[in-house]
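Me: I am new to this one. Please show it to me, and then let us go through it in questions and answers.

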Amino acid sequence: MSYPLEIQALCRRYGGTVALDHVDLVIEEGAVLGLIGRNGAGKTTLIRHVLGLLKAQSGSVRVFGADPVKHPAQTLARIGYVSEDRDLPGWMRIEELLRYTRAFFPDWDETLASDLCRAFDLDPRQRVRTLSRGQHVRTALVLALAPRPALLVLDEPSSGLDPVVRRDVLEAVIQHVAHEGRTVLFSSHLLDEVERVSDHLVMIDRGTMLVDGPMDEVVEGFKHVVYRHAEDSNGSGFGALPGMSLCVEMGSTSSGAASSGAPSSDSASRNSIDHEVLCLCRFETSVDEHALAAQASAGGFELIEILPATLDEIFLNLTCRAS
Amino acid sequence: MSSLANCVLYAYTHTVQLRIQPGATPIYQQVSDQIRRRVSAGRLSAGQRLPSVRALAEQLAVNANTVARAYRELERERFVVSRHGDGVFVADRSSPFLARDRRKLLESAVDRLLLEAEQLDVDTDEVAELVRERSAQRAESSPNLPRRVGS
């Protein structure tokens, strides 16, 4: 049984720039995988490999077990794709475009196509070039969904759209996966949308995967932790506490500078002011505050507070750290 | 004919209007919290059918696994029961074995209170006294507060 998408150690360079650096990624059938990253992080490059538009320089890409570059027709027949680019032919009317596209897909669902056109308030007689940005995306959604593709790939579909069309996109994703065996790859930098509809999260930055895991585990596993060094502590090693797989120092009261990561060189200020440190930590198991406080205190730290972290905060802190 | 059938079906399933705000609270928890509050406040009564996982997921535009997890949690806490192939229903909260489950639910709240007390250097006797005091004040200020009979 092959996965809808399986990527292993995929690398891509453009000249001297590394666009993808040993990316491993698997999407299981029925999942909605949210792919997040800043502009230029490598999301679109990754998607172009999935569509067979780019050949892997090293590593491998398999869509339903097949190499999309070697078997483009077979692969593209199973993928519905919506990009942020206005890439539909402007001279065609919507109805012509629908007829034209239908010819490529044996499983085209005409009822779904006309239902979606009606729901999206699209006039079939309108020419593509005269469509607004929102109507353009809605048309692209109809074209991508009507073939009932096994894998729906959305590359930043919502960027620059009004909230009504953004909602259409989200509902389309949810309705699509409600059917047996359908899978979605949803790339976006609108984090709250990704959090809503995805059950798996992949965060990439500069071609490197920073996070890959079930959405719930990511959102619940990351916490903000505020702690204080005990007087005789040298101030390192908080991140080595059991159960913690990542600890990024974001700021401390005495240095004032956030996220520089450099410890304060002014040791006098550390001694005279209570040196509170704010970290973003990732925990592998659910956090028992009591146990953690005890562990911290045994290690020479006083645990002050554990707070939840939003996806926004996780994203900001992890991508800033990399820069 | 068919519209009548639809009406009857619609009447059986109790629709809920929930609000999802992505942020610090996981979305499954926002769903379960809001349903839990409705059940506790008597806004949803025993035997009422909740929307299916798929219907609620589509209504809220959230992942179906998220809704399924919220329902699983509510089922574990016996706020709802799921009858295979039939749907998810609001549980009968008067059934006797619920007392133990209620206690379990309350335990985590008590643990949080004790932790807070510990951090504020307040001992357990003082906390217990405070609980009784506040409870008396609450009863006085709102005599219509729902009271549990028996147990």
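Me: How many salt bridges are counted between chain A and chain B?
Reply: This is a predicted model, where local features need pLDDT of at least 70, side-chain atom pairs count only at pLDDT 80 or more, and totals for chains, interfaces and linings use all residues. Residues are numbered from 1 along each chain as written, chains are lettered from A and ligands numbered from 1 in the order written, and side-chain values use heavy atoms, without hydrogens and water. A salt bridge is a side-chain nitrogen of Lys or Arg within 4 Å of a carboxyl oxygen of Asp or Glu. Between chain A and chain B, the count is 2.

Me: Which residue of chain B forms a salt bridge with Glu220(A)?
Reply: Side chains of opposite charge can pair when their charged atoms come close. Here the closest N and O atoms of the pair are 3.2 Å apart. The partner of Glu220(A) is Arg69(B).

Me: Is Glu220(A) buried, partly exposed or exposed?
Reply: Buried means under 20% relative accessible area, exposed over 50%, and partly exposed in between (1.4 Å probe, protein chains only). Glu220(A) has 25% relative accessibility.

Me: How many residue pairs are in polar contact between chain A and chain B?
Reply: A polar contact is a pair of N or O atoms within 3.5 Å. Within protein, one atom must be able to donate a hydrogen and the other to accept it, and residues adjacent in sequence count only if both atoms are side-chain atoms. With both residues at pLDDT 80 or more, the number of pairs is 9.

Me: Which element gives the largest share of the side of chain A that touches chain B?
Reply: Helices (H or I, at least four residues) and strands (E, at least two) are DSSP runs, numbered from the N terminus. Helices H6 (163-177), H7 (191-197), H8 (215-221) and H10 (289-298) of chain A each give two or more residues to this side. The largest share is 5 residues, and it comes from H6(A).

Me: How much area do chain A and chain B bury between them?
Reply: Buried area is the accessible area (1.4 Å probe) that two parts lose on being put together, summed over both. Contact means heavy atoms within 4.5 Å; here it takes 20 residues from chain A and 19 residues from chain B. Of the buried area, 51% is on carbon and sulfur atoms. The total is about 1,700 Å².

Me: Which residues touch the most other members of the largest nonpolar core?
Reply: A nonpolar core is a set of buried Ala, Val, Leu, Ile, Met, Phe, Trp, Tyr and Cys residues joined through side-chain atoms within 4.5 Å. The largest has 77 residues. Those touching the most other members are Leu154(A), Ile35(B) and Leu50(B).

Me: What is Ile35(B) in contact with?
Reply: Leave aside its neighbours within four places in sequence. The contacts of Ile35(B) are then Leu18(B), Leu44(B), Leu50(B), Tyr71(B) and Leu74(B).

Me: Is Ser32(B) buried or exposed?
Reply: Ser32(B) sits in helix H2 of chain B. It touches Ala70(B), Glu73(B) and Leu74(B), not counting residues up to four places away in sequence. A polar atom of its side chain lies 3.2 Å from the backbone oxygen of Gln29(B). With a relative accessible area of 0%, Ser32(B) is buried.

Me: Which side chain makes a polar contact with the side chain of Ser83(A)?
Reply: Ser83(A) is found in the loop between strand S5 (79-82) and helix H3 (94-102) of chain A. It is buried, at 7% relative accessible area. Its side chain reaches the backbone nitrogen of Asp85(A) at 3.1 Å. The side-chain partner, at 3.2 Å, is Asp87(A).

Me: Which residue forms a salt bridge with Arg62(A)?
Reply: Arg62(A) is partly exposed, at 31% relative accessibility. The closest N and O atoms of the pair are 3.9 Å apart. The partner is Asp67(A).
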